[in-house]
Amino acid sequence: MKIIKKIFAGSFLVIGLNILLVGTIELIDSRKPNQDKEGALAAIVLFGIPSTSVGTWIIWGLRQQHQQKIKQLQLEREQLFLHLLQQKEGRVTVTKFALAAQIPIEEAKQYLDEKAKQLNANFETSDNEGIIYRFPE
């Protein structure tokens, strides 16, 4: 569905912007008779502005949906992180967090590093588990 919306948005924008461009050129061309200028203005008002507006509105809607999805993912990750902290008494490893959040190890490490800075976590090392993030309770 998003691909279709993107195609429609692009089509509306291309058509609308072309009409606006050609109409504007017609309007500023001093060699054109007034009747042609009136037609250009009508094309701009009837087709150029609405097409461009519809394309922009579709893109804005897609952007809003994307931002909501990102916020939802961040909230879910935060809840998962807090749940793991509670479950493991403040001890979390990169691997356990990556598995629980279903994200790549590098992304999990980056997230835990940021949280460690925010919450003043300590680090422990273990032969079995590697680096263990120890968050204050």
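**Ser-51 and the overall form of the chain**

The side chain of Ser-51 lies 2.8 Å from the backbone oxygen of Phe-47, a polar contact being a pair of N or O atoms within 3.5 Å in which, within protein, one must be able to donate a hydrogen and the other to accept it, and residues adjacent in sequence count only if both atoms are side-chain atoms. The model is predicted, so local features need pLDDT of at least 70 and side-chain atom pairs count only at pLDDT 80 or more, whereas totals for chains, interfaces and linings use all residues. Residues are numbered from 1 along each chain as its sequence is written, and side-chain values use heavy atoms, with hydrogens and water left out.

Ser-51 belongs to helix 2, residues 34-87. Helices (H or I, at least four residues) and strands (E, at least two) are DSSP runs, numbered from the N terminus. Ser-51 counts as buried because its relative accessibility is 14%, where buried means under 20% relative accessible area (1.4 Å probe, protein chains only). Beyond neighbours within four places in sequence, Ser-51 is in contact with Phe-12, Leu-13, Ile-15 and Gly-16; contact means heavy atoms within 4.5 Å.

The protein chain contains four helices and three strands, arranged along the sequence as α-α-β-α-α-β-β. The C-alpha trace spans about 85 × 30 × 25 Å along its principal axes. The radius of gyration of the protein chain is 27 Å, while a compact globule of 137 residues would have one near 14 Å; this radius is taken over C-alpha atoms, and the globule rule is 2.2 Å times the number of residues to the power 0.38. Of the 137 residues, 23% count as buried.

Methods: Buried means under 20% relative accessible area, exposed over 50%, partly exposed in between (1.4 Å probe, protein chains only).
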